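Visitor: Could you walk me through this structure, a piece at a time?
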Amino acid sequence: MTASSTPGLARFNAAGGDEARAALHRICTSTAWAAEVLAHRPYPDAEALLAASDTAVARMGAADLAEAMAGHPPIGRPAPDDPVSAREQRGMADAPADLRARMRELNLAYQEKFGHVLLVCATGLTARQLYDAARNRLDNPPEREQEIVRGELAGINRIRLARLAVQTAEEGADRP
């Protein structure tokens with residue numbers, strides 16, 4: 001895919017600094033990540049943009065990861081004004097009440113243990129898969145969990161950036 005075939009990427013490359021930063025902030029709330037991604041514009045294609053994102057995520061320190069995680073709602077409870085998270089967490093939307101209740105309990109236990117929201121690249125996962133991921137990760141040591149979080153964040157950012165890269169103006173190019 002080239003920049004000329006991806007209207008969203010062309011708009012992102014041409015956007016002013018504040019506009020591009022705002023678009024990135026909707027994708028990931030880490031200031032360091034956004035600054036690094038912005039520093040490499042213009043991107044010749046979506047793959048270059050995704051690679052830059054992966055590199056920026058790999059370089060994030062603990063504070064940068066915490067800043068990024070603060071921008072994500074708990075699994076199963078997307079913010080009402082956040083259509084992106086609602087779309088990504090669609091698998092929880094029709095989950096049975098008992099599974100949603102168990103997920104809330106796991107979210108709380110995870111947050112108590114690790115001090116941050118459970119971050120899962122939820123796109124395409126069922127409620128049961130999300131529950132199993134949370135349950136399996138609860139026993140991880142903090143160092144292992146931080147690396148898993150980094151991988152999940154990289155996946156979320158890739159999905160959102162890829163969506164931004166191909167959106168037309170009519171689709172709302174500023175919505176990942």
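This is a predicted model: local features need pLDDT of at least 70, side-chain atom pairs count only at pLDDT 80 or more; totals for chains, interfaces and linings use all residues.

Visitor: Okay, helices then. At what angle do α4 and α10 cross?

Guide: The axes of α4 and α10 cross at roughly 155 degrees and come within 9 Å. Axes here are lines fitted to C-alpha atoms, for helices over the stretch in contact, and angles run from 0 to 180 degrees between N-to-C directions. Helices are DSSP runs of H or I with at least four residues, and strands are runs of E with at least two, numbered from the N terminus.

Visitor: And what does that make α4 relative to α10?

Guide: That angle makes α4 roughly antiparallel to α10. Angles over 145 degrees count as roughly antiparallel, under 35 as roughly parallel, 65 to 115 as roughly perpendicular, and the rest as oblique. The crossing of α4 and α10 is right-handed, a word used if the near helix is turned clockwise from the far one by less than a right angle, with left-handed used if it is turned anticlockwise.

Visitor: Which residues in α4 and α10 meet?

Guide: On the α4 side they are A46, E47, L49, L50, A51, S53, D54, V57 and A58, and they meet R150, L153, A154, N157, R158, L161, A162 and A165 in α10. Contact means heavy atoms within 4.5 Å. The residues of this contact of α4 with α10 divide into eleven nonpolar, two polar and four charged. Ala, Val, Leu, Ile, Met, Phe, Trp, Tyr, Cys and Pro count as nonpolar, Asp, Glu, Lys and Arg as charged, and the others, Gly among them, as polar.

Visitor: How do α2 and α10 cross?

Guide: Helix α2 (residues 17-27) and helix α10 (residues 142-166) have axes that come within 9 Å and cross at roughly 135 degrees, and α2 and α10 are therefore oblique to each other. In this crossing, which is right-handed, A23, L24, R26 and I27 of α2 meet N157, R160, L161 and L164 of α10. By class, the residues of the contact of α2 with α10 are five nonpolar, one polar and two charged.

Visitor: What about α8 and α9, are they parallel or antiparallel?

Guide: The axes of α8 and α9 come within 10 Å and cross at roughly 30 degrees, and the two helices are therefore roughly parallel to each other. Their crossing is left-handed. From α8 the contact takes L99, R102, M103, L106, Y110 and F114, and from α9 it takes A127, R128, L130, Y131, A134, R135 and R137. Nine of the residues in the contact of α8 with α9 are nonpolar, none is polar and four are charged.

Visitor: Switching topic, how many aromatic pairs are there?

Guide: The count comes to one aromatic pair, where rings of Phe, Tyr and Trp (its six-membered ring) pair if their centres lie within 6.5 Å, and planes under 30 degrees apart count as stacked, over 60 as edge-to-face and the rest as tilted. The rings of Y110 and F114 have their centres 4.6 Å apart and their planes at 45 degrees, so the pair is tilted. Y110 and F114 both lie in helix α8 (residues 97-114), four residues apart, about one turn of the helix.

Visitor: Are Y110 and F114 buried or exposed?

Guide: Both Y110 and F114 are buried, which is to say under 20% relative accessible area, with exposed meaning over 50% and partly exposed in between (1.4 Å probe, protein chains only).

Visitor: What does L138 touch?

Guide: Leaving aside neighbours within four places in sequence, L138 is in contact with L106, A109, Y110, K113 and F114. L138 lies in the loop between α9 and α10 and is buried, with a relative accessible area of 18%. L138 and L106 are 32 residues apart in sequence, and their C-alpha atoms are 8.0 Å apart in space.

Visitor: And where is H116?

Guide: H116 lies in the loop between α8 and α9 (127-137), and at 17% relative accessibility H116 counts as buried.

Visitor: Last one: which peptide bond is cis?

Guide: The bond from R41 to P42 is cis, with omega near 0 degrees, and P42 is found in the loop between α3 (31-39) and α4 (46-58).

Notes: Residues are numbered from 1 along each chain as its sequence is written. Side-chain values use heavy atoms; hydrogens and water are left out.
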